[in-house]
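Take a walk through this model with the sequence at hand.

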Amino acid sequence: MHITLDGEQWQIPDDTSLMNALAFLSDKAHAQHRIVTSLTVGGKAISDRDLDPAFLNQRGQDVGEVSGRSQSLHAIITDAKQTIDRFAAQLRADGLVLLGPLRSGTGQVGTIDAWLGRLADYTEMLEAGQAQGVAGLSSAPLLPWIQELLGARTFADPIRVADLLEYELLPLLTESSQAA
């Protein structure tokens, strides 16, 4: 079975399962601190939806050549920076919608839980970007305010939650989404 990653080629036994061939390919990418971002098997582009057990258990001789392209995590995050910034802008807009009900007493502090989950996703993206040295991605300015917000949420203080959102966190999301 012939395997190619970013132009480099290897030959593995034809009776190797596709699952093991893909693991081999992934290990080669990982050894270079890269992630496989596109894959073809037998000349056909493959997505994660194609990777079901029946497909993965086929032998190499039955599926043909396996070929992949990879990118560094830094490149992936750099390419995604505009999307991360749009996510911050949407997170800010959604946070603004939460303010009215919290301030009027019609909303419970628990109404921010889904928003907090998305904020956690955003901070993970920022931390990954920071770890990879991507300029403009850092969760450090947000973290103390997130802790304050979680404390206000724990004490079921909707006014404090609204204040922290409006005056501390949401402006930081605006700055983040407008950063270079």
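Is alanine 162 buried or exposed? This is a predicted model, and every value here is computed from it. Alanine 162 is found in helix 7. It has 0% relative accessibility. Buried means under 20%, so alanine 162 counts as buried.

What does alanine 162 touch, leaving out residues up to four places away in sequence? The answer is Leu99, Leu102 and Arg103. Now look towards leucine 149. Alanine 162 and leucine 149 are 13 residues apart in sequence, and their C-alpha atoms lie 8.9 Å apart in space.

The largest nonpolar core has 28 residues. Trp115, Leu119, Tyr122, Leu149 and Leu165 touch the most other members. At least two residues of this core come from each of helix 4 (73-104), helix 5 (113-131), helix 6 (143-154) and helix 7 (158-178). Helix 7 gives the largest share, eight residues. In soluble globular proteins, nonpolar side chains tend to be buried together.

Next, follow helix 5. It has 19 residues. From first C-alpha to last it reaches 27 Å, close to the 27 Å expected at 1.5 Å a residue. Which residues of helix 5 are buried? They are Trp115, Leu116, Leu119, Tyr122, Thr123, Leu126 and Gly129. These residues lie on the same side of helix 5, because they cover an arc of only 130° around the axis. An α-helix has 3.6 residues a turn, so residues three or four places apart point the same way. On the other side of helix 5, Ala114, Glu124 and Ala131 are exposed. Glycine 133 follows helix 5, and its phi is positive, near 75°.

Helix 4 comes next. It has 32 residues. It reaches 44 Å from its first C-alpha to its last, close to the 46 Å expected at 1.5 Å a residue. Where is the kink in helix 4 centred? It is centred on lysine 81, and it is about 50°. After helix 4 comes glycine 105, with a positive phi near 90°.

Now turn to the strands. Strand 1 (2-5) and strand 2 (8-11) have a loop between them that holds aspartate 6. The two strands run antiparallel and are joined by four bridges. Threonine 4 stands opposite glutamine 9 in strand 2. Together strand 1 and strand 2 form a hairpin with two residues between them. Aspartate 6 sits in the turn, with a positive phi of about 50°. It is a residue other than glycine. Most residues other than glycine have a negative phi. Aspartate 6 is partly exposed, because its relative accessible area is 28%, between the limits of 20% and 50%.

Strand 1 has another partner. It pairs with strand 5 in the parallel sense, over three bridges. Here leucine 5 stands opposite glycine 68 in strand 5. Strand 5 (residues 66-72) also runs antiparallel to strand 3 (residues 34-41), with seven bridges joining them. One of the pairs is serine 38 with arginine 69 in strand 5.

Strand 3 continues the pattern with strand 4 (residues 44-46). The two run antiparallel, joined by three bridges. Valine 41 has lysine 44 in strand 4 as its bridge partner. Their hairpin has two residues between the strands, and glycine 42 takes a positive phi near 60° there.

Alanine 156 is found in the loop between helix 6 and helix 7. It is not a glycine, yet it has a positive phi of about 50°.

Terms used. Residues are numbered from 1 along each chain as its sequence is written. This is a predicted model: local features need pLDDT of at least 70, side-chain atom pairs count only at pLDDT 80 or more; totals for chains, interfaces and linings use all residues. Side-chain values use heavy atoms; hydrogens and water are left out. A nonpolar core is a set of buried Ala, Val, Leu, Ile, Met, Phe, Trp, Tyr and Cys residues joined through side-chain atoms within 4.5 Å. Buried means under 20% relative accessible area, exposed over 50%, partly exposed in between (1.4 Å probe, protein chains only). The expected span of a helix is 1.5 Å times one less than its number of residues. The bend at a residue is the angle between axes fitted to the seven residues ending there and the seven starting there. Two strands pair if DSSP finds at least two bridges between them. Contact means heavy atoms within 4.5 Å. The arc is that of the directions from the helix axis to the C-beta atoms.
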